[in-house]
Amino acid sequence: MLALLTVPALLTGCDTGSEDTAEGGAGPRAEAGSALAAVDTLTVKGRAPKTGYDRDRFGSPWADTDSNHCPTRDDILKRDLEDVRYQGGRCRVVSGKLAPDPYTGREVTFRRGRSQVDIDHVVALSDAWQKGASRWEPSKRIAFANDPLNLLAVDAGTNRGKSDGDTATWLPPNKSYRCAYVAGQVAVKKKYGVWVTAAERDAMRKVLGACPDEKLPWGDAPTKAPPRFRAP
């Protein structure tokens with residue numbers, strides 16, 4: 001069964017605005033179990049070259065790694081959309097809506113075949129590749145690409161503007177979601193051992209310094225895909 005998560009559908013009241021907070025580190029405000037406290041557990045290194053990156057290195061898109069007979073994309077659509085309609089059972093999602101979309105705060109409609117909704121990797125695959133994933137076994141990369149903790153249904157245009165940005169280079173336009181978004185990035189990077197740059201760490205501290213009680217999300221999906229899945 002799809003793991004139940006605490007993060008992606010959760011909108012917080014955080015508004016980081018332009019406040020200059022927590023640049024000196026997690027400090028005494030960081031509570032145990034908070035995303036802010038977890039930032040300082042991440043390894044800090046420089047970004048490695050993108051050499052060798054290819055989407056195929058993370059396996060076939062939306063592999064059914066949890067063996068529930070539904071592609072991962074449909075699992076996330078079912079989890080994140082409202083007013084969901086299906087075709088031929090309760091797996092293939094054909095319509096629904098994000099109410100609201102976490103990245104913009106607007107309502108966005110999903111219709112299969114002409115969708116305005118993407119499934120975003122909260123930590124982009126290319127970003128992960130440059131920060132450790134190039135050295136992983138294929139089964140770990142496949143698990144990473146399909147882990148519900150790292151996936152979120154969002155407005156397509158905004159997601160494509162994000163590209164492979166990390167916290168230092170891109171944040172959701174919807175300021176009230178920034179705490180939850182950055183907490184999600186911290187959680188994914190901690191779970192898989194993806195490192196961060198110094199600028200990224202500082203940006204994470206700054207955002208989460210405005211919401212020091214933001215909990216670190218979790219998900220119990222395995223960090224290795226079943227042996228039947230293959231990737232180069």
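Guide: What follows starts with the core, then takes the helices around it and the neighbouring elements.

The model is predicted, and local features are reported only where pLDDT is at least 70, side-chain atom pairs only at pLDDT 80 or more, while totals for chains, interfaces and linings use all residues. Residues are numbered from 1 along each chain as its sequence is written, and side-chain values use heavy atoms, with hydrogens and water left out.

A nonpolar core here is a set of buried Ala, Val, Leu, Ile, Met, Phe, Trp, Tyr and Cys residues joined through side-chain atoms within 4.5 Å. Buried means under 20% relative accessible area, exposed over 50%, and partly exposed in between, with a 1.4 Å probe and protein chains only. The largest such core has 23 residues, and those with the most contacts inside it are Tyr103, Tyr181, Val182, Val186, Met204 and Leu208. At least two of its residues come from each of α1 (35–39), β5 (151–155), α6 (178–192) and α7 (198–209). Helices (H or I, at least four residues) and strands (E, at least two) are DSSP runs numbered from the N terminus. The largest share of the core, six residues, is supplied by α6.

Contact means heavy atoms within 4.5 Å. Leaving aside residues up to four places away in sequence, Val186 touches Ala35, Ala38, Val39, Leu42, Met204, Leu208 and Leu216. Another core, of 15 residues, lies apart from the largest one, and includes Val123, Ala143, Ala145 and Ala187.

The pair α6 and α7 packs at an angle of about 135°, with the axes 9 Å apart. That angle makes α6 oblique to α7. Axes are lines fitted to C-alpha atoms, for helices over the stretch in contact, and angles run from 0 to 180 degrees between N-to-C directions. Angles under 35 degrees count as roughly parallel, over 145 as roughly antiparallel, 65 to 115 as roughly perpendicular, and the rest as oblique. The crossing of α6 and α7 is left-handed, a term for a near helix turned anticlockwise from the far one by less than a right angle, with clockwise giving right-handed. From α6, Arg178, Cys179, Val182, Ala183, Gln185, Val186 and Lys189 meet Glu200, Met204, Val207 and Leu208 of α7.

Most residues other than glycine have a negative phi. Ser163 is exposed, with a relative accessible area of 52%. Ser67, in the loop between α1 and α2, also is not a glycine and has a positive phi, of about 55°. Ser67 is partly exposed, at a relative accessible area of 36%.

Helix α4 (residues 138–146) has as its buried residues Arg141, Ile142, Ala143, Phe144, Ala145 and Asn146. These pack against α2, β4 (117–121), α3 (125–129), β5 and α6. Helix α2 (residues 72–80) in turn lies across β1, β2 and β3, at about 35° to β2.
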